[in-house]
Amino acid sequence: MRDFEKLNAKEFIAKQIEEIRAKAGDKKVLCFMSGGVDSAVAATLVHKAIGSNLTSMLVDHGLMRKNECEEVMEVFKNGLKMNLFLANAEERFLSKLSGISDPEAKRKIIGAEFINVFNDEGKKLGKFEFLVQGTIYPDILESGEGGAKHVKAHHNVGALPEGFNRDMLIEPLKYLYKDEVRLVGLELGLPESVVMRQPFPGPGLGIRVIGDLTKDKLNLLREADFILRDEIKKAGLEREIWQYFAVLTGAKTVGMVNKERTYNYTLALRAVNSVNAMTAEFARIDLEVLAKISARITTEVKEVGRVVYDITNKPPATIEWE
Ligand code: XMP
């Protein structure tokens, strides 16, 4: 039960540490981190409680943003000295996704492959008695407490890895809302770059390359997305805009570079403001900032011939394009 009105992060952390220690004892605990805020804060809390008895793994599905895995490894492995491993599963995911262009099919394949990777990689790490999950209160409310969907092996996975059942779960954040998770993260000393990060979907860039995925398309989207983020940061808008990203559309477009005809990709920029992602308004970004982003992307990412800005609210559009 959620038994408090207003969260006191310090007290919450102290209480959770006690409870985690009582539950885990000196047993081994496993956590799959996604790079997102919830699993990061959950893992940090458990690490604080049981130290090296926690083993964590970050799965790189090859659909992460530029530098994302490196940043997670830096903060948690080098900084916090967590027992954190990186599983490079890019080939596995990309080969399963090869030639698939339907958005729902892509999502299903990614969700299923996560479970396969959890099973395979989990076994390599040894035997564990407990599994940490970054479940938060809205996840429970959405599914009804104790309901079938309560089990949340990962943001985007519907089942638990082999060998685990619900009694083996440690879910220290399950009565917290997202803003409270962030407060706990800050109180635990996690950097703002981790705690305040914008939402990022589990299927990652897989649903931001429209149509079928290739490594080349993902790489050029990663570069364009990085430029967008860099310019938003330089413009001081990083904390102003709720979510912003680039989308590699399937539309090819004609252009002219050095008097030569080009036929390249159309890249879309998406930036929205929202409270809970149920509705969203496109962000009114200054045109000068957009101009700079467009000029940099078309100069630095040769395969992009045209940049457009998405001016659609949710509804009728969703935030992600797929
Ligand atoms: P849509 O596109 O439905 O997105 O308007 C609403 C919010 O949810 C994020 N999103 C996801 N997050 N797994 C996630 O963890 C997913 O499969 C997924 N799909 C969308 C999206 O980035 C936005 O913040």
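# Briefing on the predicted model

At 1.5 Å a residue, the 20 residues of α9 should span 28 Å, and the end C-alpha atoms of α9 are in agreement at 28 Å apart; the expected span of a helix is 1.5 Å times one less than its number of residues. This is a predicted model, in which local features need pLDDT of at least 70 and side-chain atom pairs count only at pLDDT 80 or more, while totals for chains, interfaces and linings use all residues. Residues are numbered from 1 along each chain as its sequence is written, and side-chain values use heavy atoms, with hydrogens and water left out. Helices (H or I, at least four residues) and strands (E, at least two) are DSSP runs, numbered from the N terminus.

**Helix α9**

- The residues of α9 that are buried (under 20% relative accessible area, with exposed over 50% and partly exposed in between; 1.4 Å probe, protein chains only) include K217, L218, L220, L221 and R222.
- Further along α9, A224, D225, I227, L228, R229, E231 and I232 are buried as well.
- These buried residues pack against α4 (90-97), β6 (243-257), β7 (260-273), α10 (287-300) and β9 (304-309), where contact means heavy atoms within 4.5 Å.
- D216 also belongs to α9, but it counts as exposed, at 61% relative accessibility.
- Between the C-alpha atoms of D216 and L131, which are 85 residues apart along the chain, the separation is 35 Å.

**Nonpolar cores**

- A nonpolar core is a set of buried Ala, Val, Leu, Ile, Met, Phe, Trp, Tyr and Cys residues joined through side-chain atoms within 4.5 Å.
- The largest nonpolar core has 51 residues, and those touching the most other members are V59, L267, L269, I285, I297 and Y309.
- Helix α9 (residues 215-234) supplies the largest share of this core, with seven residues.
- A second, separate core holds 41 residues, among them F12, V46, A49 and V194.
- Apart from neighbours within four places in sequence, I285 is in contact with I232, L237, I241, A271, L290 and Y309.
- In soluble globular proteins, nonpolar side chains tend to be buried together.

**Parallel sheet and strand β1**

- An open sheet is formed by five strands in the order β3-β2-β1-β4-β5, with parallel pairing; two strands pair if DSSP finds at least two bridges between them.
- The edges are taken by β3 and β5 (169-170), each of which has a single partner strand, so one side of each is left without a neighbour in the sheet.
- β1 and β2 are joined in the parallel sense over five bridges, and V29 stands opposite L54 in β2.
- Five of the five residues of β1 are buried.
- Burial applies to both faces of β1, with V29, C31 and M33 on one side and L30 and F32 on the other.

**Helix α3**

- Helix α3 (residues 68-79) has twelve residues and reaches 15 Å from its first C-alpha to its last, close to the 16 Å expected at 1.5 Å a residue.
- The buried positions in α3 are E68, C69, V72, M73, V75 and F76.
- They pack against β1 (29-33), α2 (37-50), β2 (54-60), β3 (83-88) and α8 (192-195).

**Cysteines**

- Zero disulfides (pairs of cysteine sulfur atoms within 2.5 Å) are found in a search of the whole structure.
- C31 is in no disulfide, and the nearest cysteine sulfur, that of C69, is 15 Å away.
- Because the sulfur of C69 is 15 Å from that of C31, the closest cysteine sulfur, it is too far for a bond.
- C31 is buried, with a relative accessible area of 1%, and C69 is buried at 6%.

**T253 in strand β6**

- T253 lies in strand β6 and is buried, with a relative accessible area of 8%.
- The side chain of T253 makes a polar contact with the side chain of R306 (2.6 Å).
- A polar contact is a pair of N or O atoms within 3.5 Å; within protein, one must be able to donate a hydrogen and the other to accept it, and residues adjacent in sequence count only if both atoms are side-chain atoms.
- Leaving aside neighbours within four places in sequence, T253 is in contact with T262, Y263, N264, Y265, T266, G305 and R306.
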